[in-house]
Amino acid sequence: MFHRIRSYCLFGIKAVPVSVEVDASQGLPGFTLVGLPDNAVRESRERVVSAIRSIGKVVTGFRTTVNLSPADLRKEGSALDLPLAIGMLVSTGEICVEGIERFVFVGELSLDGLLKPVRGVLSIAMSLPRDDKNILVIPRANASEASLVEGLRYACFDTLGECVEFLESGNLELVAIAKGMSREDCSAVSRDIPDFRNVVGMEGVKRALEVAAAGSHNFLLVGSPGAGKTLCARCLPGILPDMTDEEILETTRIHSCARRAGDSSGFRPVVNRPFRTPHHSASMVSLVGGGSRLSPGEASLAHNGVLFLDELPEFNRSVLEALREPMEDGFISVSRASGTVVWPARFMMGAAMNPCPCGFSMDPKRVCTCLPDARKRYREKISGPLLDRIDIQVSVPPMEAGALVDNGRRESSADIRKRVCAARAIQRRRFADLPFKSNAEMTSEYAKKFAGMSPEVERFAVSAADNMNLSARGFYRMLKVSRTIADMKSAENVEIEDISEALRYRTMN
Ligand SMILES: [Zn+2]
């Protein structure tokens with residue numbers, strides 16, 4: 001008998017509907033699987049047959065043909081185990097299910113019939129219509145993802161046996177309706193973030209990071225080893241505004257696609273802005289995504305958060321250059337024979353580096369032992385176009401030992417965060433009808449429009465940028481930072497002092 005079972009496959013972040021068509025007939029026993037399956041799918045027959053045997057049913061002894069449609073899409077991973085098992089059970093007449101077309105099955109099976117979680121369930125849940133003609137059947141370990149999509153109907157199980165029992169009974173009491181995200185879940189998660197209160201001195205660096213956070217600008221900290229660059233950067237998540245519900249869904253969806261298949265550890269929505277710190281030995285695939293599984297890279301996992309690259313010059317140059325696309329456009333596209341996969345990747349890029357290979361050229365108490373040539377080569381590892389995209393470049397002065405015992409009152413991250421949130425609120429109002437969320441995302445045209453400079457201020461900006469040899473891109477990026485500085489004072493227009501401060505953040509150009 002022929003049966004068609006609904007399922008989904010991932011293509012990048014997109015969930016694509018797939019039907020698993022199973023035809024079992026009398027004749028010479030055999031099994032044929034067609035429709036561009038990858039190895040994991042090809043091997044699924046062995047898992048499925050064992051899992052079915054574990055619940056006391058038999059599907060061998062038939063001539064079985066399975067087609068995965070659409071036939072031109074490459075099916076990958078083990079998520080098709082469950083639909084395949086159900087398809088074999090119904091087409092061989094082992095079970096009888098009424099209205100099977102309203103169920104969508106996703107899940108990996110183990111040999112003993114356990115249902116194991118798969119990646120990308122949130123994407124699948126988001127693409128399903130929310131009515132009772134579409135019920136998602138998933139492993140229990142994926143339930144936390146499905147429950148985020150308000151109004152979605154889903155049923156989750158630990159084993160194939162439970163799932164079959166549910167289908168045969170036709171009892172829909174086990175179908176849950178997702179309530180959507182609850183704020184209580186979100187606030188329960190906290191992270192160990194260092195507080196700016198514990199950072200002694202470095203007022204200039206704190207100010208620069210506050211500006212960066214307020215407008216979501218990219219930043220680079222340059223300073224001697226031990227000056228506290230990494231500590232300052234790690235404090236940053238503590239002054240960033242909370243994610244909106246929409247941002248939480250966007251980011252969680254990417255993390256759901258990056259999940260390892262079979263990983264049963266609890267999956268939680270990503271409610272804190274990501275702060276990703278890839279090591280400088282990171283490969284192209286691990287940073288921008290791709291690979292055989294078409295997984296998202298660190299840049300996408302940092303979506304709506306911060307991608308922090310410590311020891312920037314130590315990164316492979318071609319890997320850094322690949323970041324230019326997402327820094328400009330907010331997404332990464334990976335081309336494949338089967339089509340182009342687009343990953344969202346709108347992040348704030350942070351980086352830190354030493355001023356020279358030995359690290360001490362900025363330290364008045366130490367002697368730099370680098371030859372001028374070596375110093376030049378070191379700086380040249382960061383290309384001009386990349387540096388151009390880093391709006392805020394600050395020198396971190398070496399910490400003085402005396403400053404460590406200073407007990408003066410310092411602002412906490414929470415105090416700074418209040419100002420950052422106020423500046424972001426101004427930006428939200430400004431961009432209410434525009435596709436931007438922060439000043440850093442504005443196009444050049446809007447950067448000029450919203451700066452609202454008087455002719456005098458504009459003349460100043462142009463001549464100062466000329467003196468500093470800023471590129472056109474550099475000029476507009478500088479304007480965006482000025483806009484943020486003005487927002488931090490709730491000022492209507494950008495003034496000369498805002499531009500001067502923004503220009504001071506371009507020390508490396
Ligand atoms: Zn040196």
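This is a predicted model: local features need pLDDT of at least 70, side-chain atom pairs count only at pLDDT 80 or more; totals for chains, interfaces and linings use all residues.

Trainee: Which residues coordinate the zinc ion?

Mentor: The zinc ion is held by the SG atoms of C356, C358, C368 and C370, at 2.2 to 2.4 Å.

Trainee: And how are those donor residues spaced in sequence?

Mentor: The pattern reads C-x1-C-x9-C-x1-C. C356 and C370 both lie in the loop between strand 16 (348-353) and helix 15 (372-380), so that pair ties together parts 14 residues apart in sequence.

Trainee: What's the arrangement of the four donor atoms around the zinc ion?

Mentor: Tetrahedral, because the donor atoms subtend angles of 102 to 113°, and the cut-off asks for all angles between 85 and 135 degrees.

Trainee: Is C356 buried or exposed? And what about C370, buried or exposed?

Mentor: C356 is buried, at a relative accessible area of 0%. C370 is buried as well, with a value of 12%.

Trainee: OK, new topic. At what angle do helix 2 and helix 3 pack?

Mentor: About 55°, and their axes are 9 Å apart. Helix 2 covers residues 44-54 and helix 3 covers residues 81-91. That angle makes helix 2 oblique to helix 3.

Trainee: Is the crossing of helix 2 and helix 3 left-handed or right-handed?

Mentor: Right-handed.

Trainee: Which residues make the contact?

Mentor: From helix 2 you have S44, R45, R47, V48, V49 and I52. Helix 3 brings D81, L84, A85, M88 and L89.

Technical notes. Residues are numbered from 1 along each chain as its sequence is written. Side-chain values use heavy atoms; hydrogens and water are left out. Donors are N, O and S atoms within 2.8 Å of the metal (3.2 Å for Na, K and Ca); water is not among the atoms, so sites may look incomplete. Four donors count as tetrahedral if all angles lie between 85 and 135 degrees; four count as square planar and six as octahedral if opposite donors are over 155 degrees apart and all others between 65 and 115; anything else is irregular. Helices (H or I, at least four residues) and strands (E, at least two) are DSSP runs, numbered from the N terminus. Buried means under 20% relative accessible area, exposed over 50%, partly exposed in between (1.4 Å probe, protein chains only). Axes are lines fitted to C-alpha atoms, for helices over the stretch in contact, and angles run from 0 to 180 degrees between N-to-C directions. Angles under 35 degrees count as roughly parallel, over 145 as roughly antiparallel, 65 to 115 as roughly perpendicular and the rest as oblique. A crossing is left-handed if the near helix is turned anticlockwise from the far one by less than a right angle, and right-handed if clockwise. Contact means heavy atoms within 4.5 Å.
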